[in-house]
Amino acid sequence: MNTSVIRYILGWVMLIEAAFMLLPCGVAVLYREQVGWYFLGVCLAELASALPLIRKKPRNNIFYIKEGCVATALAWIVMSLIGCLPFWLSGEIPSFTDALFEVISGFTTTGASILPSVEALSYCMLFWRSFTHWIGGMGVLVFLLAVLQMPGGFHMNLMKAESPGPSVGKLRPKVRQTARTLYLIYLGMTALEVVLLLLGKMPLFDALTTSFGTAGTGGFGIKNDSIMGYSPYIQWVVTIFMTLFGVNFNFFYLLLLGRWRQALAMEEVKAYFVIIAAATGVIMLNIGRGVMGFADLLRHAAFQVSSIITTTGFATIDFNLWPQASRTVLVLLMFIGACAGSTGGGMKVSRLLIILKTALREVHSYIFPKSVRSIKADDKALSDDVVRSTHVFFVTLILIFAMSVLCLSFENADLVTNFTAVAATINNIGPGLELVGPTGNFAPFSPFSKYVLMFDMLVGRLELFPMLVLFYPGSWKGTFSRPRQAKQA
Amino acid sequence: MERKRSSKTKVMNIVIVGCGKVGISLVDKLSREGNNITVVDKNPARVQMVTDTYDVIGVVGNGANFAVQTEAGVAESDIFISVTGSDELNLLCCIAAKRSSNCAAIARVRTPDYSEDLSYLKGKLGLTMIINPEKESSQEIVRILCLPTAIGVSSFARGRAEMVRIKVPKNNMLHDKTLAQLGPQLGGSVLICAVERDGEVHIPAGSFRLKEGDQVNFICPTRDSRSFLERIGFNTRQVRNTLIIGGSRAAYYLARQLIQMGVEVCIIENNRDRCEELSDLLPKATIIHGDGTDADVLREAGIEYAESVVPLTGIDEENILLTLHTQEVSGAKVVTKINRMMFPEAIEKLNLGSVVCPKDITTNAIVAYVRSRSASKDSNIETLLRLFDNRVEAIEFVAQPGSPVLDIPLKSLSLRDGLLISCINRKGRILIPGGDECIQAEDSVIIVTTHTGLRELEDILV
């Protein structure tokens, strides 16, 4: 393992986080909050420790997928450990475990909270909490690639480790251009949402934090009742933008290039919209017209469906009280997740499509044993490797899921709570059902369970393997031994 | 040393079809110089491999297919390069690309069937460049066989000037002399422009002292190179006969040129049908049907008496072993062709002598073109040569009218360090410039430098 490159990358990640921390400092100045000093302190300390790490360029630039995974996983852990310090040091979240949980939930765009009352936090803390969603949504390493000229063949291996989806492609020939394009789209859409929310008479602070939560598909609200208290117009804007941020960003890139036809032909995006429409329909039928008017019913159903499928986790209604079929639909949506190449989490629609197609092929080859049929996505045959790794991904996800549910079960909470708590964290959604429903929170869990859930969040955000590679002993074999000198003839 | 890209240069959008040896080597060199590259290949695994290793985007499919070309962004590309294994596909890809965009198309064409009338093809199809690595490398081999004591010979200024690489032997008159001392002794228009000693490359100044064992590159007018080598005590007789092992396309090109020069050629080829083809094509050559990797066959063909041997089997390892074998059994001059430098450190140690690498020749020609296209102003690179593991470049620029370096005595130009203006071709006359010489418009100027990546003549200034 090339440790010097990993050190260098970690240094840059810390530097970027320190720079981002200046924003809550600014907020603290605006609202004249004393706790802002904690941000400045952590920011300076981080800066001071990051500079020695990046002062020396790495000795060699050899950088394989192994280094990419380890660097990414470590970067996320380090980022979270430092990011939670202001909460903990200021005492606004007294326990370190809780502060770390909150920040990991932020960076991984989960939005699961341990805070019984969000409104008790100061403005700069609330801002930082929501802003972690925005940083984590597109990924801090992608940001790094966009701003830093990396030598050699670094690029793809970092991008692969951090970006979601079964196979990671580039939009443009160079990683740097691709990363920049992604961030430009991301920034542009966030700004657009802020403007539209402001038009709906939302205060600027609320508009910013809500947009961060939507853009990263995170789901931290700044009100105890999430988005419930806002006007229907605002709820519709948030619904639309949640849905949009769950779309594969290639779609927007193609639109920007004016290639409408190609964009609209994207199979995954089509399936994604079909699933949203179908789920909304089922829920509307299930709840029925008796309870509320059609407009309200449509709004609440659509909001909850896009909130769950994009793994955002905002709520306009306590869906924990919904009938069983609707609740089940939402739990199933948790696992599907958004499109690959979006800011959303979950298993991703494209993986679901691949799994469904393989199942179909299996049935087909059962009756025509000698038939040959390739699995296609967007009319292109997928290599067996992609198909295989998609299945392995699914199975691994279920295994980790099952183990986590088992770990949580020792607390004697009910099965639905445990099941949905793990589902909501591993898929980066936020609220689950029963105790962890939209009006509940994760505070009652023991520290042990919280660490399990933190692990699930990180594993879910980085799509399992970078995190698993970090803990796989084989990755570290021979890390600290020097290359042997060649014998002189 | 990678030169920092100045902001004034343009970034080229390049599409490369075919991820073979040459394709990958092009991707390596061109992406290092900061261009936007899209690669196209039919084989998904190869595309995957290239996109994993280099910062480029990949498209899987047939490069002549319209949909594939659209996806690869041919319409927005500046340069389209086709280097698949098939000549026909390369030409087809380029024609299709030319139809859909205004790019410069470069094709690799290797078969003698087409390469006889390259300029006709180039003109009719509107291609910018057609490269034939087999032919180019056989020309380089011919140049070495003409000066068998040299390790390498490359030509500049349309063949009017040569860069010759020699190794200073024991007890040679060059040993322990500074270049300033040598100047008057050697006379004539010769310039020593790069010296490698103990793995380090020097662009020597007048005070540089040569030692035995140095690898010396000098540049001089083509007609003077022989007399210069004679003056410093080298045997300069051109070879009279050549034994070629393997009857590949390269062997055909080489044999044809050698026969034209009156050299006796003997080719050993394993395949009976190919033997008959060769004997049709080359009636003056002796064709032997036999296994060239069999020591007895070689002895029978007279390897011990041959003045020169060129192993041209398709397999690098065989070529290297044949070279080593020849060095054991005879004193013949051997030129080794290596397609893929797999283990350069190990090959370096084998002391193979003259090595020719067709892939490098192709890559250099294309990189030269891309660089002159990406320069901010009109720039024209005639020839690009990389020496000593790409650590030194020799570049031939054509001086454009209006350039700031014109009409100023060279000694008054503030040149970068590690850079030498080694030769000027003025309307066919080769000058080895002194400090009072000026560069004039339309001159072609050969620069030898350790600053790799020069794009235009003005880059020589600090």
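This note goes through the chain contact, the domains and some side-chain pairs of a predicted model.

1. Basis of the values. The model is predicted, so that local features need pLDDT of at least 70 and side-chain atom pairs count only at pLDDT 80 or more, whereas totals for chains, interfaces and linings use all residues. Residues are numbered from 1 along each chain as its sequence is written, chains are lettered from A and ligands numbered from 1 in the order in which they are written, and side-chain values use heavy atoms, with hydrogens and water left out.

2. Contact between the chains. Chain B brings 15 residues and chain A brings 13 residues to the contact, where contact means heavy atoms within 4.5 Å. About 1000 Å² is buried between chain B and chain A, and carbon and sulfur atoms give 42% of that area; buried area is the accessible area (1.4 Å probe) that two parts lose on being put together, summed over both. On the side of chain B, the residues that lose the most area to chain A are N36(B), D55(B) and I57(B), which together make up 49% of what that side buries.

3. On the side of chain B that touches chain A, β2 (36-41) and α2 (44-53) of chain B each supply at least two residues, and the largest share, 4 residues, comes from α2(B). Helices (H or I, at least four residues) and strands (E, at least two) are DSSP runs, numbered from the N terminus.

4. Domains of chain A. Chain A is divided into domain 1 (3-336) and domain 2 (380-473), with bounds that come from an automatic or database domain assignment. The C-alpha centres of these two domains of chain A lie 18 Å apart, and 48 residues of domain 1 are in contact with 37 residues of domain 2. Between them, domain 1 and domain 2 of chain A bury about 3500 Å², with 72% of it on carbon and sulfur atoms. In domain 1 of chain A, F101(A), M334(A) and F335(A) lose the most area to domain 2, together 18% of what that side buries.

5. Polar links between the domains of chain A. The count between domain 1 and domain 2 of chain A is 2 salt bridges, and the side chains of K450(A) and D98(A) meet in a salt bridge at 2.7 Å, N to O. The interface of these domains also has 11 residue pairs in polar contact, both residues at pLDDT 80 or more. Among the elements that give two or more residues to the domain 1 side are α5 (96-107) and α16 (324-336) of chain A.

6. Domains of chain B. Chain B is divided into domain 1 (13-131), domain 2 (241-356) and domain 3 (385-460), and the C-alpha centres of domain 2 and domain 3 of chain B lie 37 Å apart.

7. A salt bridge within a helix. Over all chains the count comes to 30 salt bridges. R299(A) forms a salt bridge with D296(A), with the closest N and O atoms 2.9 Å apart, and both residues lie in helix α15 (residues 294-309) of chain A, 3 residues apart, about one turn of the helix.

Definitions and conventions: A salt bridge is a side-chain nitrogen of Lys or Arg within 4 Å of a carboxyl oxygen of Asp or Glu. A polar contact is a pair of N or O atoms within 3.5 Å; within protein, one must be able to donate a hydrogen and the other to accept it, and residues adjacent in sequence count only if both atoms are side-chain atoms.
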